[in-house]
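Trainee: I would like to learn how to read helix packing in a model. Could we work through an example?

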Amino acid sequence: MTSCFDVQSSLRNEKPGAGGQTRATRSPGTVRPRTAAEWVACFRANAARCRAIPWERGAGVTPADLAAIARSLQAWQLGETSDGRHLRAAAARYADQVGDPDYLPAVDLFIREEQRHGRLLGRFLDLAGAGRLTADWGDRLFRAARYCFTDMEVWTTPVVMVETLALVYYNAIRRATRSAVLSAICAQILADEVPHIRFQCERLALLLRRRPRFALRLTRLGQRACFLVIVALVWAGHRRALRAGGYSWRRYWRAAWDRMNAAWRLMDPRRYAWTP
Ligand SMILES: [Fe+2]
Ligand SMILES: [Fe+2]
């Protein structure tokens with residue numbers, strides 16, 4: 001089985017494809033998507049190799065550093081701590097419909113990784129004395145928009161978009177802090193998010209694979225409009241932290257679209273060799 005991490009460069013670098021050809025840039029129809037059972041193995045292997053977080057060093061942030069990122073981190077921490085109940089229910093229905101019993105365990109492991117991110121960030125916020133949020137407008141909006149639908153495609157698409165922006169966001173936080181603890185947490189989250197995006201994109205490619213070309217173009221158009229809104233909302237809610245990490249609006253905009261374009265390549269059904 002190929003590694004979970006072989007598309008990292010194309011998703012993480014702001015210039016996709018830098019560093020040579022990756023699976024994300026290979027010719028159409030040549031990539032075999034992972035099965036749900038392979039994703040289960042992949043998530044299990046990832047859970048077994050968590051990075052060490054140097055908690056003994058304390059939070060290591062000055063009040064000024066913390067002021068720039070605390071409110072924003074609290075909101076992301078809340079977003080990462082969802083119990084995944086609705087996603088799990090949608091995944092269970094979908095797995096049943098398509099006869100893919102391994103999909104639900106894969107989603108369970110995915111949810112567990114997200115919760116691990118929430119726990120790590122929560123522990124850091126506690127250590128820094130910043131406290132945690134129990135409600136946030138962005139989190140409420142994101143959940144409300146998704147809970148209106150039960151379709152797996154509608155569930156998965158905004159997740160990919162938020163995870164794509166998470167790559168930009170946690171990179172900004174890593175640059176904004178001198179805390180060894182927070183830096184290690186960001187490195188762990190960034191390493192986890194890349195396979196998460198691929199997991200969701202491959203599933204979307206599968207869901208879209210029989211859609212006619214014209215309908216696919218319309219789908220992409222709708223996704224671009226949706227991403228535009230999410231990019232603007234994340235900037236509205238987190239610009240102070242993003243700026244602290246060196247992201248002006250222009251840089252943030254470019255990084256967001258570069259990464260999302262890489263994700264769109266991963267969710268293009270034409271790049272995969274489907275078994276009939
Ligand atoms: Fe996460
Ligand atoms: Fe994720």
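**Reading the helix packing**

Mentor: Start with helix α7, which is largely enclosed by the rest of the structure because 18 of its 25 residues are buried. Keep in mind that this is a predicted model.

Trainee: Where does α7 run, and what span does it reach from its first C-alpha to its last?

Mentor: Helix α7 covers residues 152–176 and reaches 36 Å, close to the 36 Å expected at 1.5 Å a residue.

Trainee: How are two packed helices described?

Mentor: By the angle between their axes and the distance between the axes. Here, the axes of α7 and α10 come within 9 Å and cross at roughly 130 degrees.

Trainee: Which residues of α7 and α10 meet?

Mentor: First the general idea: an α-helix has 3.6 residues a turn, so residues three or four places apart point the same way. In this structure, α7 contributes V160, M161, T164, L165, L167 and V168. Facing them from α10 are Y252, A255, A256, R259, M260 and A263.

Trainee: At what angle do α9 and α10 cross?

Mentor: Helix α9, residues 213–244, crosses α10 at roughly 135 degrees, and the two axes come within 11 Å. That angle makes α9 oblique to α10. The crossing of α9 and α10 is right-handed. On the α9 side the contact is made by F227, V231, W235 and L242, and on the α10 side by W249, Y252, W253, A256 and M260.

Trainee: Is W253 buried, exposed or partly exposed, and why?

Mentor: Count the C-beta neighbours. W253 has 15 of them inside 10 Å, so W253 counts as partly exposed; a buried residue would need 20 or more. W253 lies in helix α10, residues 249–266. The C-alpha atom of W253 is separated by 9.7 Å from that of V168, although the two residues are 85 apart along the chain.

Trainee: Where in the chain is confidence lowest, and where is it highest?

Mentor: Look at pLDDT, the predictor's confidence in each residue. The chain averages 88, and 88% of the residues score at least 70. Confidence is highest in α10, at a mean of 97, and lowest in helix α1, residues 8–12, at 50.

Trainee: Over which residues does pLDDT stay under 50?

Mentor: Residues 5–10 are one such stretch, with 20 contacts beyond four places in sequence in the model. Residues 13–24 also stay under 50, and for them the model has 28 such contacts.

Note on methods: Residues are numbered from 1 along each chain as its sequence is written. Chains are lettered from A and ligands numbered from 1 in the order in which they are written. This is a predicted model: local features need pLDDT of at least 70, side-chain atom pairs count only at pLDDT 80 or more; totals for chains, interfaces and linings use all residues. Helices (H or I, at least four residues) and strands (E, at least two) are DSSP runs, numbered from the N terminus. A residue is buried if 20 or more other C-beta atoms lie within 10 Å of its own, exposed if 12 or fewer, and partly exposed in between; C-beta atoms are placed from the backbone. The expected span of a helix is 1.5 Å times one less than its number of residues. pLDDT is the predictor's confidence in each residue, from 0 to 100. Two residues are in contact if their C-beta atoms, placed from the backbone, lie within 7 Å. Axes are lines fitted to C-alpha atoms, for helices over the stretch in contact, and angles run from 0 to 180 degrees between N-to-C directions. Angles under 35 degrees count as roughly parallel, over 145 as roughly antiparallel, 65 to 115 as roughly perpendicular and the rest as oblique. A crossing is left-handed if the near helix is turned anticlockwise from the far one by less than a right angle, and right-handed if clockwise.
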